[in-house]
Amino acid sequence: ATRSVSIVCQDDFVKPVEDIPKILDRVDWEHPKSIDNQRLIKSILSESKAMEIVIAEGLMIFNEEKINALFDKRIFISIDYETFKQRKLDDNRWGNEPEWYIEHIWKSYLAFGSPFQKPDFLLLDGTKPFPDDQLLNFLEND
């Protein structure tokens, strides 16, 4: 059966640059204070009225308790540091990031990206293909 699905990306709710903390000479996009959580919550709630399934994603999507409370299911995709670093080095959308900033992004992932305050999540390894049967079973069962 086909279902209506919407994806809400946390990156679409970044505050204006002047309202985001800085780290050294750079805007700290990886800090929870960089996200307009009220707008994000409104969007998730609005989408959930219009769609059967709403997927909310982002580095810090589990960090805000009010957002976390909206989720029926949580999936956490983990990667190791070496995989993360290589992916960041390969990603030149914003130019080459200095190594200290790549390290800062990793530390933000560790500090703000974890769903571990809520035990009900599926942990997937982001360095391997996802096990379809495990994923579907998790999503279909209450």
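This is a predicted model: local features need pLDDT of at least 70, side-chain atom pairs count only at pLDDT 80 or more; totals for chains, interfaces and linings use all residues.
**Helix H1**

Helix H1 covers residues 37-50. An α-helix has 3.6 residues a turn, so residues three or four places apart point the same way.

**Salt bridges**

Side chains of opposite charge can pair when their charged atoms come close. The structure holds five salt bridges, among them the pairs listed below.

| Pair | N to O distance |
|---|---|
| Arg26 and Glu97 | 2.2 Å |
| Asp120 and Arg74 | 3.1 Å |
| Asp125 and Lys128 | 3.8 Å |

The salt bridge between Arg26 and Glu97 links distant parts of the chain, its partners being 71 residues apart. Arg26 belongs to strand S3 (residues 26-27), whereas Glu97 lies in the loop between helix H3 (81-90) and helix H4 (99-112). Arg26 counts as partly exposed, at 24% relative accessibility.

Asp120 pairs with Arg74 in a further salt bridge. Because Asp120 lies in the loop between H4 and strand S6 (122-125) and Arg74 in the loop between helix H2 (65-68) and S5, the pair ties together parts that are 46 residues apart in sequence. Arg74 is buried, with a relative accessible area of 4%, while Asp120 is partly exposed at 40%.

In the salt bridge between Asp125 and Lys128, Asp125 is partly exposed, with a relative accessible area of 30%. Lys128 counts as exposed, at 53% relative accessibility.

**Surroundings of Ile75**

Ile75 is found in strand S5, which comprises residues 75-78. With a relative accessible area of 31%, Ile75 is partly exposed. Leaving aside neighbours within four places in sequence, Ile75 is in contact with Phe62, Leu122, Leu124, Leu135, Phe138 and Leu139. Ile75 and Pro115 are 40 residues apart in sequence, and their C-alpha atoms are 8.4 Å apart in space.

Technical notes. Residues are numbered from 1 along each chain as its sequence is written. Side-chain values use heavy atoms; hydrogens and water are left out. Helices (H or I, at least four residues) and strands (E, at least two) are DSSP runs, numbered from the N terminus. Buried means under 20% relative accessible area, exposed over 50%, partly exposed in between (1.4 Å probe, protein chains only). Contact means heavy atoms within 4.5 Å. A salt bridge is a side-chain nitrogen of Lys or Arg within 4 Å of a carboxyl oxygen of Asp or Glu. The expected span of a helix is 1.5 Å times one less than its number of residues.
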